[in-house]
Amino acid sequence: MSHPDPYGSTEPRGWDRPAPALPWPDTDLEPGPWRPAPAAPTQPAEPDTYARPDAYDTYAGPDNTYAGPYPTTSRRHDGPGRYDGPPAGDRGRPDGPEHRAPWGEPARDDEYPTAQIAPVRDEPTDQIPAVRDEPEPEPPPGRRGRGRRRASAERPPTTTPKTSRAGRNLPAAIGVGVALGASVVVPLFFFMPAFLAVLAAAVGIGIWEMARAVRRSGAHPPLAPLVAGGVITVGLAWFAGPDALCLGLLVTVLGTMIWRLGDGPGNYQRDLTAATLIAVYVPFLAGFAAMLAAAPGDGHLRVLVTLVAVVLSDTGGYAAGVSFGKHPMAPTISPKKSWEGFAGSVTAAAAGSAVLLWVLFDVAPWWGALFGMAISVSAVLGDLAESMIKRDLGVKDMSNLLPGHGGLMDRLDSILFAVPVAYLLLAVFVPVVS
């Protein structure tokens, strides 16, 4: 017998307390009579897509009370409980069979909440207020916003200068070309020592542009000995002729080697190679122009016919290339040069030189035409040589010193290759004729 509850309760505790009666029979406690299991069908039954799972074998009545199993007698397709869906005529109705439970009861509203939602109607848009563009906030005075500035009556729009088909600003190029021609021709005919000064200045600027351009490849040729040696080379060619020109080139290269020793052995060979290229390309070739001008009696005319032949070659090539150019001459070096432009260069230089040499030096026209053709070919080769150097260095122009032309070396490239050929041919043609 259990002990009495110390808190005053007289009911027994634990296993001495009788179990309450269950409201339903417990099969584990009260087993019924044994029944054999139903035999398996000979053919597998087709799956019933409308069968409800076993957890829903009972349904709740209208008052959520237990109402018993479904009123079907079988779940197989061959039994009376098969559900084939609503009739075709009743589908779509709010109270049709598809809105009811499979056992015939009407569906509740909480099972289909969207049935209580009112349909959406198209409302007229004329009652909606129009959206107006808000004005952009003005930037503070004295400060311009990002992007292009806006044009107004007081401030017209900025226009970009138009370029020609050859990629040049043609008005600027013509103006600069006329100014350069005047700076050469005027001292050439009125004060010859001034022409030497102009030539020395052009050589110094050309050396500076070349030294500045080759620095992109990692070479750093010394600028001071190159400029000083270039001016000395041109002066020696003016006063002493071809032998002094070669001596000036040798002095320039040796002076550059000695100057470069002060910077140490790092990259010495590369810097000296670049310096030698500059010394040969700019002051040595320009020394032939000095020797042409220093010729006694007609030196200014020799320089004039050479410059006119180069100008005619450039002008004829430009006009023919823009008008008829279709076949690239050297697409990897200078894509804008064409064979049609080259033919125009040779034709224009040959025709002009034939007339000019016949008038000034009394040279036969065919010799003059040959002179013009040779000058045109050498000028084109000089242009291609400088274009190859610029391609190798990765620059478009040697500098932006001259609007419409780039750098001064972009104008001297043709002349530097033409003056040695002119010096040789005029030394042969003019003395033979005279």
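Are Asp271 and Arg260 buried or exposed? Both residues are buried, as the first of these close-ups of a predicted model shows.

**View 1. Asp271 and Arg260 pair up between two helices.** Here the side chains of Asp271 and Arg260 come together in a salt bridge, with 2.8 Å from N to O. Asp271 belongs to helix H5 (residues 268-293) and Arg260 to helix H4 (residues 242-260), so this contact ties together parts that are 11 residues apart in sequence.

**View 2. Asp383 reaches from a helix to a strand partner, Lys337.** Look for the salt bridge between Asp383 and Lys337, whose closest N and O atoms are 2.8 Å apart. Because Asp383 sits in helix H8 (residues 365-393) and Lys337 in strand S4 (residues 334-338), the pair ties together parts that are 46 residues apart in sequence. Asp383 has a relative accessibility of 18%, so this residue counts as buried; the cut-off for that word is under 20%.

**View 3. Lys390 and Asp410 link helix H8 with helix H9.** The salt bridge between these two side chains, Lys390 and Asp410, spans 3.1 Å from N to O. Lys390 is in helix H8 and Asp410 in helix H9 (residues 409-433), a link between distant parts of the chain, 20 residues apart. Both Lys390 and Asp410 are buried.

**View 4. Glu386 joins the picture.** Widen the view around Lys390 and Asp410 to bring in Glu386: salt bridges with shared partners connect Glu386, Lys390 and Asp410 into one network.

Definitions and conventions
Residues are numbered from 1 along each chain as its sequence is written. This is a predicted model: local features need pLDDT of at least 70, side-chain atom pairs count only at pLDDT 80 or more; totals for chains, interfaces and linings use all residues. Side-chain values use heavy atoms; hydrogens and water are left out. A salt bridge is a side-chain nitrogen of Lys or Arg within 4 Å of a carboxyl oxygen of Asp or Glu. Helices (H or I, at least four residues) and strands (E, at least two) are DSSP runs, numbered from the N terminus. Buried means under 20% relative accessible area, exposed over 50%, partly exposed in between (1.4 Å probe, protein chains only).
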